[in-house]
Amino acid sequence: MPMRVLHICGATRGAPWLCEIVAEQTTRGHDVCVVIAGADGALARGLELVGVRYLVLPHDPFAHADPRAAWRAIRRLTVLIRDERPDL
């Protein structure tokens, strides 16, 4: 049974293992999306190469000295998860 799969990755560079995992999940018929912190690294290019949809959302609440900014990052991620409605 195909599932909606959402991966959340803080890396923007490297993570070739993630590209391999999501490529295999897509091959098995799952609807896969990856949330990444930025599109400027090799990870975004790798996801494009394997044909997996990704969304860019800076989501590390610990990257902010201001607690309000951290709360906003958490809130944006919460809304994204709610909108994507993943099974996994």
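The lining of the largest cavity has four nonpolar, no polar and four charged residues (Ala, Val, Leu, Ile, Met, Phe, Trp, Tyr, Cys and Pro count as nonpolar, Asp, Glu, Lys and Arg as charged, the others, Gly among them, as polar). The model is predicted: local features need pLDDT of at least 70 and side-chain atom pairs pLDDT 80 or more, while totals for chains, interfaces and linings use all residues. Residues are numbered from 1 along each chain as its sequence is written, and side-chain values use heavy atoms, without hydrogens and water.

About 40 Å³ of space lies in this cavity (grid points of a 1 Å grid over the protein atoms alone where a 1.4 Å probe fits but cannot get out; lining residues have an atom within 4 Å of a point). Among its lining residues are Cys 33 and Arg 53, and Cys 33 stands opposite Arg 53 in S3. Strand S1 gives the most to the lining, three residues.

Three strands form an open, parallel sheet in the order S1-S2-S3 (strands are DSSP E runs of at least two residues, helices H or I runs of at least four; two strands pair if DSSP finds at least two bridges between them). S2 and S3 pair over four bridges.

| Helix | Lies across | Angle |
|---|---|---|
| H1 (residues 16-27) | S1 and S2 | about 175 degrees to S1 |
| H2 | S1, S2 and S3 | about 170 degrees to S2 |

Technical notes:
1 Å grid on protein atoms, 1.4 Å probe; cavity = no way out; pocket = protein on both sides within 12 Å on 5 of 7 lines; lining within 4 Å. Points joined across faces, edges and corners; volume = space filled by probe spheres on them. Contact = heavy atoms within 4.5 Å. Axes fitted to C-alpha atoms, helices over the stretch in contact; angles between N-to-C directions.
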